[in-house]
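Please keep the sequence and the structure in view while reading.

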Amino acid sequence: MQDNIIQCIEEIEKQILDVAATGQDAGSAVDALGLSHMKISSAAVIAVLDMLTDGITPVNDDIITAMLGICEAQKRFLFALSGQLETGTSSMGIVESKPAPEVIIESEEDAAKAFDDSPTATAEEPEEAAEPVEEKKAEPEKKPAAKGKQEKPAQQQAISSIRVPTDRLDRVIELVGKLMVTYAVIAQGGTSNLSQVASSLRELDNVISRLQKEVDAIRLVPLKQIFMPMHRLVKSLSQKIGKKLEFIVRGDELALDKTIVESLNEPLVHLLRNAVDHGLETTEGRVEAGKSETGNVTLSAWRKGDSAFIQVQDDGRGLDPDRILAKALEKGIAEEGQEYNTEEILQFVLQSGFSTAEKITDVSGRGVGMDAVVNAIRVTLDGDITIDSELGKGAKFTISIPLDRSANEGIVDALVCKVGGDTYIVPSRDVVEIYMPRKNEVVELPDGRETVDVRGEVHSLLRLADLLDLVPLVTDIEMAQAIVVRVGEYKAAILVDEVLRQQQVVITGFTVPVEEIFEVPILGYGMMGESDALVIDTEEMLQNFQARVHMENKEALT
């Protein structure tokens with residue numbers, strides 16, 4: 001039911017956006033909204049609607065925004081009605097899990113809440129980089145993370161339903177049927193005919209692989225699902241700050257895994273708000289710079305190889321490398337006397353609390369909040385973000401994302417290893433290599449931490465047995481194995497007794513909140529067929545380690 005409602009409303013929204021783009025055929029949008037069928041007692045009001053339908057009244061931004069607002073009201077009404085029919089209650093939680101409540105935006109704080117529930121999406125960021133956090137008196141302080149753990153970003157908008165073509169469901173049903181037949185052949189044949197059993201097992205492996213591909217394809221969600229609401233956000237922002245702009249969307253038909261699409265919402269809100277509010281000049285500023293009064297903001301997506309790329313581009317003032325470097329030196333982020341190229345200087349904008357703003361804005365900025373973008377992209381999605389800017393001509397923020405499935409659910413490739421006599425699983429997505437260290441390559445630091453030199457590159461060495469309070473069976477470090485993992489840009493080596501093999505495992509979550517009861521880096525439960533094992537959460541392990549080191553260094557300085 002919810003899916004049908006969204007589909008119907010999206011079709012109407014598309015008609016309205018077409019009217020906004022062309023300025024023609026407003027009558028079709030009026031009809032689609034049902035305004036032409038309203039019973040209105042005032043002839044004057046009817047005449048106003050007729051003038052809009054006949055093209056006598058020109059379509060402007062206020063009319064388009066009002067039409068989108070009517071769409072949103074209709075969607076909420078239908079959600080509430082369907083909730084009463086399905087649950088018998090008028091209070092529905094459906095709206096919170098859908099990309100619905102973000103059309104009527106009175107302030108950009110409302111805009112942030114409409115697109116994501118994250119506290120990092122608040123509306124107080126500055127120009128090329130935002131004002132430092134300490135200057136924001138109105139911003140509520142975040143509670144410190146418990147037990148030394150780093151605060152995790154608020155959960156992104158969940159996609160609770162996916163449209164699936166019937167032919168794809170038919171293929172899944174067909175493959176399930178083949179699984180049943182192959183299983184029956186193996187069960188009935190027994191072990192009397194080993195050649196037939198081997199052939200059936202090969203067929204079983206083939207069917208399972210095809211079934212996994214079909215299930216992965218079912219999880220794909222078009223980016224249009226989050227790109228469409230961006231139209232409303234950009235239009236509302238431009239009206240609020242009085243800027244003329246054209247918002248262009250390309251590649252919204254690209255379909256990505258739902259976990260990726262869910263995580264992209266918050267970064268895109270930040271980047272688009274920055275582009276509209278501080279990337280583009282005012283109308284007067286654009287005229288003085290020899291540009292047209294109407295600015296351009298482009299949101300585009302494309303796929304190349306095994307990666308997807310999302311780009312937010314504006315033709316505004318661009319980023320000033322000299323100004324950014326001066327501020328970075330002032331804040332101690334950059335080192336005096338060191339040479340930086342333009343790309344490295346622009347990356348300072350992504351640092352937490354970085355700011356070059358001369359005044360505080362209540363909408364957005366390329367500083368406070370940009371660290372949230374980096375966290376969502378580099379940590380949550382294992383992707384990267386690059387900045388390309390030309391002063392006076394605009395800026396491009398390009399997000400690159402590997403298209404691997406999320407490592408916290410479903411079928412994933414993983415390493416099976418032994419630690420202290422127990423078996424554990426490390427998702428292969430985070431693994432760089434497996435290395436057997438030598439004694440002279442391991443160095444113990446004064447604070448008790450260890451590092452290992454892996455082919456000339458020094459990494460922190462984390463003994464998994466110590467982290468899990470186990471007694472390792474292999475005490476000689478030269479007989480143990482180190483799994484080099486990477487989360488974002490940070491690498492570390494996890495020492496285990498032995499790496500047994502690499503295979504596909506099925507990861508499922510716990511039925512009880514284990515992470516709230518035990519402070520251990522465990523992602524879930526991995527099923528391997530003949531045996532099961534706990535799955536190591538390498539992301540949480542490295543984050544906790546970095547947080548502990550940061551806290552120890554801070555205490556040492558004080």
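Helix axes are lines fitted to C-alpha atoms over the stretch in contact, and the angles between them run from 0 to 180 degrees between N-to-C directions. Helices (H or I, at least four residues) and strands (E, at least two) are DSSP runs, numbered from the N terminus. The model is predicted, and local features need pLDDT of at least 70, side-chain atom pairs count only at pLDDT 80 or more, while totals for chains, interfaces and linings use all residues. Residues are numbered from 1 along each chain as its sequence is written, and side-chain values use heavy atoms, with hydrogens and water left out.

The protein has 16 helices and 18 strands. Of its 558 residues, 44% count as buried; buried means under 20% relative accessible area, exposed means over 50%, and partly exposed lies in between, with a 1.4 Å probe and protein chains only. The accessible surface comes to about 28700 Å², of which 52% belongs to carbon and sulfur atoms; such areas come from the Shrake-Rupley method with a 1.4 Å probe, and for residues only the protein chains shown count as cover. A contact means heavy atoms within 4.5 Å. Among the contacts with a separation of 6 or more, 70% are accounted for by residues 24 or more positions apart.

The helix packing may be followed from helix 8. Helix 8 and helix 9 (residues 258–279) pack at an angle of about 25 degrees, and their axes are 10 Å apart. Helix 8 is therefore roughly parallel to helix 9, a class for angles under 35 degrees, whereas those over 145 count as roughly antiparallel, 65 to 115 as roughly perpendicular and the rest as oblique. Helix 8 passes helix 9 in a right-handed crossing; a crossing is right-handed if the near helix is turned clockwise from the far one by less than a right angle, and left-handed if anticlockwise. On the side of helix 8, the residues that meet helix 9 include Phe227, Met230, Leu233 and Leu237, and on the side of helix 9 they include Leu264, Leu268, Leu272 and Val276. The residues of this contact divide into 13 nonpolar, two polar and two charged. Here Ala, Val, Leu, Ile, Met, Phe, Trp, Tyr, Cys and Pro count as nonpolar, Asp, Glu, Lys and Arg as charged, and the others, Gly among them, as polar.

Helix 8 (residues 224–241) also meets helix 1 (residues 2–22): their axes come within 12 Å and cross at roughly 45 degrees. Helix 1 is therefore oblique to helix 8, and it passes helix 8 in a left-handed crossing. Glu10, Glu13 and Leu17 of helix 1 face Met228, His231 and Arg232 of helix 8 in this contact. By class, the contact has two nonpolar, one polar and three charged residues.

Helix 9 in turn packs with helix 13 (residues 370–380) at an angle of about 145 degrees, with the axes 9 Å apart. Helix 9 passes helix 13 in a left-handed crossing. Among the residues that make the contact are Leu264, Pro267 and Leu271 of helix 9 and Met370, Val373 and Ile377 of helix 13. Eight nonpolar, four polar and one charged residues take part in the contact of helix 9 with helix 13.

Thr538 is found in helix 16 (residues 538–557), and it is buried, with a relative accessible area of 1%. Leaving aside residues up to four places away in sequence, Thr538 touches Val426, Asp430, Val485, Val487 and Ile494. Val485 is also among the residues touched by Val432, together with Val484, Arg486 and Lys491, under the exclusion of residues up to four places away in sequence. Val432 lies in strand 10 (residues 431–435) and is partly exposed, with a relative accessible area of 37%. The C-alpha atoms of Val432 and Arg486 are separated by 6.6 Å, although the two residues are 54 residues apart along the chain.

Most residues other than glycine have a negative phi. Arg455, by contrast, has a positive phi of about 55 degrees although it is not a glycine. Arg455 is found in the loop between strand 12 (450–454) and strand 13 (457–463) and is exposed, with a relative accessible area of 59%. Not counting residues up to four places away in sequence, Arg455 touches Glu433 and Tyr435. Asp469 has a positive phi of about 60 degrees and is not a glycine; Asp469 sits in the loop between helix 14 (464–467) and strand 14 (481–487), and it counts as exposed at 71% relative accessibility.
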